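User: I would like to learn how to read a structure like this one. Please take me through its features one by one.

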Amino acid sequence: MFSSLRQSPLLFLTHLSVLVLVIVWTIPTAGLLISSLRQPDQIATSGWWTALSASEQNNTFTTPPADTASQAEDGFALSGNVFGKDGSGSVSAFGSSFMKPRAFDAGETAKLRSGGTLTVAQNGDYRMTFDKKPEGGRGERIFYTSVEPPAFTLRNYQEVLRAEGIGQSFINSLTVAIPSTAIPILIAAYAAYALAWMRFPGRLLLVAVVVGLLVVPLQMSLIPLLRLYNGIGGFFGVPAQTYVGVWLAHTAFGLPLAIYLLRNYIAGLPREIMESARVDGASDFDIFRKIILPLSFPALASFAIFQFLWTWNDLLVALVFLGTGNDKLVLTARLVNLLGSRGNNWEILTASAFITIIVPLIVFFALQRFLVRGLLAGSVKGG
Amino acid sequence: MGHLVYALVTVVIGLAGAAIYFYASNLLLDRALPYRDAEGARASRNLRRANAIRPWLFMLPAIVILSVYLVYPVLESIWLSFHGKAGIDFVGLSNYHWMLVDPEFRESIVNNLLWLLIVPALSTFFGLVIAALADRIWWGNIAKSLIFMPMAISFVGASVIWKFIYDFRPAGSEQIGLLNAVVVFFGGNPHAWITIPFWNSVFLMVILVWIQTGFAMVILSAALRSIPDETIEAAVIDGANGLQIFFKIMVPQIWGTIAVVWTTITILVLKVFDIVLAMTNGQWDTQVLANLMFEWMFRGGGDFGRGAVIALVIMVLVVPIMIWNIHNARQELR
Amino acid sequence: MTGVMLKDIRKAYGAVEVIHGIDLEIRHGEFVVFVGPSGCGKSTLLRMIAGLEDISGGTMTIGGEVVNQVPPSKRGIAMVFQSYALYPHMSVYENMAFGMRIARRPKAEIDARVREAGEILQLTPFLDRLPKALSGGQRQRVAIGRAICRNPKVFLFDEPLSNLDAALRVATRIEIAKLAETMPETTMIYVTHDQIEAMTLADRIVVLSGGTIEQVGAPLELYERPANLFVARFIGSPAMNILPATIEETGATTTVTLAGGKAVTLDLASDAARKGEAASFGVRPEDLRPAEGEDFLFEGKVSIVETLGEVTLVYIEGLTADDEPIIVKLAGTRSYERGKTARFTAEPKALHLFDADGQTLRR
């Protein structure tokens, strides 16, 4: 539709502005992902944006005990590699004293105060010579500056999955989200069909009620429901905070959107198809099962994605109805806890956060089409 | 792992239960009021009755759940707002009185109004700009997808992401928060952004704008594409330039959609809770209604009366939008 | 015998009545077409026969049984919808089998019936396809096949050809005519707004307007002897030319004065009481021919000439009060000059006269 504007000199500007906006919108998430893959000490000392370029680091290497030096043609010598047996890296400078760690470039030979020499090659091979057989079981220290290639690690993830309870919370989140997504669908679909195609008094009023309930803040429901759950729990002697309670709450909070979305979709199906089925002898129940459900698949999928994202990402309902017991925390609640207790351990926070958002992101990128369709159909809902 | 299995079993039982309910209740209705094999007047009378009852069978589960979880709580909250901490003693209007004089409540209201002004405006604006621009370039869909992405991220996850950006290290040491790094790079002094009153609220709002712009963009992009090409072509022939076409031809045609986006984000803003809880928990003058309400649910053993009053305030703020939505929906039905 | 009887059938939506007491008897095996302008109630009437709309008043019987409250599937009807209403998620085979599956018929019977219908409608190669993989004409045939499978006593068509392009419409129309011939025991009721479909398919046509029947009759009867002004104008294309007139002389023949002052004598008897009454004078465009000499009906300036090859349409203006042109339809190509005066006449037998209420004065 902009074909006439395509030749505009503003086109370059358009590309540029969109690029800038995309970068601004993507960078926060990228920063999180990159940080979560860095070494903890690196996260704490340098910005994540430096992680992609090689960095210079000052290190210390301690040689094996001096008395293990072997006889060589020019005296006694210790040799090896400062990066260890399997390590790799690039030494740019070295020194033998703490005061002057970068006194010599790689490859040069340094005279030691003790009378020997020290050479460190770029690849980390060192050779330390002594005039006479050295004594003592202590190793000599070599100070060197290395250029480290970008180094990434999955250690943070192993750490949070194991030690910080993220693994447990991941399971909890799934436990909350799956039934909360599945249960409302069938209930909503039947109600939506009735509201779309069956004639009965009060139908329009009920549709209006559903539209109204779309925007009722769920804060409204928390206290009365908490009291109700406590009452039921006390009466039957069962815990008040159970998964069943959360599932039902999520089901209820998702129902208005589900009914609204599905009703709009089902009402848009051709009337004649249903009349034809009626002429063919199908009852309402037959029509629903054999015609409506199969044809409503796209709307059902849209709602399911919404509801899954919403229940997976929810914090409030889970906090109130599932409680804050350590074994019951869902991912979002766990993350809030970590923010409080490990607020400065960014390796923990970034890795945990990424685990929290990875499932929704996969769902998002895989099923974006349905998500967009659902948004367009149900944009009255407050999210 | 155990309760995941329990959850999956529940899904199966739940779905099967719902299916059985609908199947059995319909079967029962057909048995009680047979018409397939009945003859004449009785068959037709039965059919009429069955058709009058069947819609309610279809809607019964939904009506029950909605009544218990959404309708009853509204009434219960009104009742609770006149009662004390545990919801037993009648205290008249004292909860309302407390609300009017409580400085923290006033702070929350002011902050909520700020959120209401800024977040919907910025999200809609950015969404509209991106929607308009991205449609003109070949990689527009990729761009839109990336900007839409934060929609999938939880508020808590987004809070961690942005807390990292706002991170503060004392001047002199290397900044690991992007914002301070940029400020320092341009010769400024680093700040602990989320502790500076007023501006910290704005920094929290940025998070929600970041999330909601994608939503606005998707809706507005569809609306822009539904504008008839002819009106734009006519404007081109009339000699309008790109900006004129955008503001004088396209935007006026999608006012309705802009209003829908705006109100949708407004409702979301009224309920904003997770971001404040995760970022500041209401410290440094960032308190908002939803978080305040959550605190009163549990603070000092929980004060249901005060919590209910705050919930009612949020509800009252939503009511105008609710009425507008119902009004629109009824017009569509006609 | 499976005739359809409508006795004082009414339909109201709330306070608004849209069908005002229809009386109609459709005989067993008859092909009846409902025509009328949009909004005349023809589709509503058909849907009431099908059972898709409640009947607000009156009695409807199919095969002698009152069906006012009988659900559609028990009325022994089948219906072909305008949009075909094929189930998009089912194959052609499943579409045709659906009704019998609902009725729990044995598998072998379903299979035999579906295959037979497929054979009749040349759908056998497509039985496994989904509707979306079919052309418009094929979908139409599936819709008909689905109806055939129900083995109905009454076959209902709701504007079944209006979604087809012109060529396919003609071909399908002929197929429906053939189908009707092979099913002489089946009553067919067909709704259309296209009078060519009505004229070619119908045993009898029912012309509806504003929720009432204007006339029921065989196609040619409607054309030659319209009961009233509405039918006269509705049947035939271009529509009959109507001119205001005043009745001057009554008796064995009737003489009227047209708006322009021209006196015309018609070959029909009239009551003396009608003398001086206002009336409408009508003549079909195709009944007019060029006049020689002074013996003419109309004289006027040619405003437009449309040469279509097979016919030539000549428009003459200035004869009616509301500026509606008189249209003359002449066979072959004729040359008329715009702006020139031309004269036309017609056989007295081809002239029609309607009274002030629009009712035809009968010969």
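User: Which residues in helix 5 of chain B meet which residues in helix 8 of chain B?

Analyst: A word on the source before the answer. This is a predicted model, where local features need pLDDT of at least 70, side-chain atom pairs count only at pLDDT 80 or more, and totals for chains, interfaces and linings use all residues. Residues are numbered from 1 along each chain as its sequence is written, chains are lettered from A and ligands numbered from 1 in the order in which they are written, and side-chain values use heavy atoms, with hydrogens and water left out.
Now the contact, meaning heavy atoms within 4.5 Å. From helix 5 of chain B come Lys144(B), Ile147(B) and Phe148(B). In helix 8 of chain B they meet Thr213(B), Gly214(B), Phe215(B), Met217(B), Val218(B), Ser221(B) and Arg225(B). By class there are five nonpolar, three polar and two charged residues. Ala, Val, Leu, Ile, Met, Phe, Trp, Tyr, Cys and Pro count as nonpolar, Asp, Glu, Lys and Arg as charged, and the others, Gly among them, as polar.

User: At what angle do helix 5 and helix 8 of chain B pack?

Analyst: Two packed helices are described by the angle between their axes and the distance between the axes. Helix 5 (residues 140-148) and helix 8 (residues 199-226) of chain B pack at about 145 degrees, with axes 8 Å apart. Axes are lines fitted to C-alpha atoms, for helices over the stretch in contact, and angles run from 0 to 180 degrees between N-to-C directions. Helices (H or I, at least four residues) and strands (E, at least two) are DSSP runs, numbered from the N terminus.

User: What does the interface of chain A and chain B look like, by residues and buried area?

Analyst: Chain A gives 120 residues to the contact and chain B gives 118. The buried area is about 10,600 Å², with 79% from carbon and sulfur atoms. Buried area is the accessible area (1.4 Å probe) that two parts lose on being put together, summed over both. Two salt bridges are counted between these chains. Asp284(A) and Arg54(B) form a salt bridge at 4.0 Å, N to O. Helix 1 (residues 10-36) of chain A supplies the largest share of the chain A side, 17 residues. That side divides into 84 nonpolar, 29 polar and seven charged residues.

User: In what order do the five strands of the open sheet in chain A run?

Analyst: Two strands pair if DSSP finds at least two bridges between them. Here the order is 2-3-8-7-6, with antiparallel pairing. Strand 2 (70-72) and strand 6 (109-111) are the edges, each pairing on one side only. Neighbouring strands are turned by 30 degrees on average, direction ignored. Strand 3 (residues 75-81) and strand 8 (residues 125-130) of chain A share six bridges. Phe76(A) has Phe130(A) in strand 8 as its bridge partner.

User: Where does Pro238(C) lie?

Analyst: Pro238(C) is in the loop between helix 8 (229-234) and strand 11 (241-249) of chain C. The peptide bond from Ser237(C) to Pro238(C) is cis, with omega near -5 degrees.

Note on methods
Salt bridge = Lys/Arg side-chain N within 4 Å of Asp/Glu carboxyl O.
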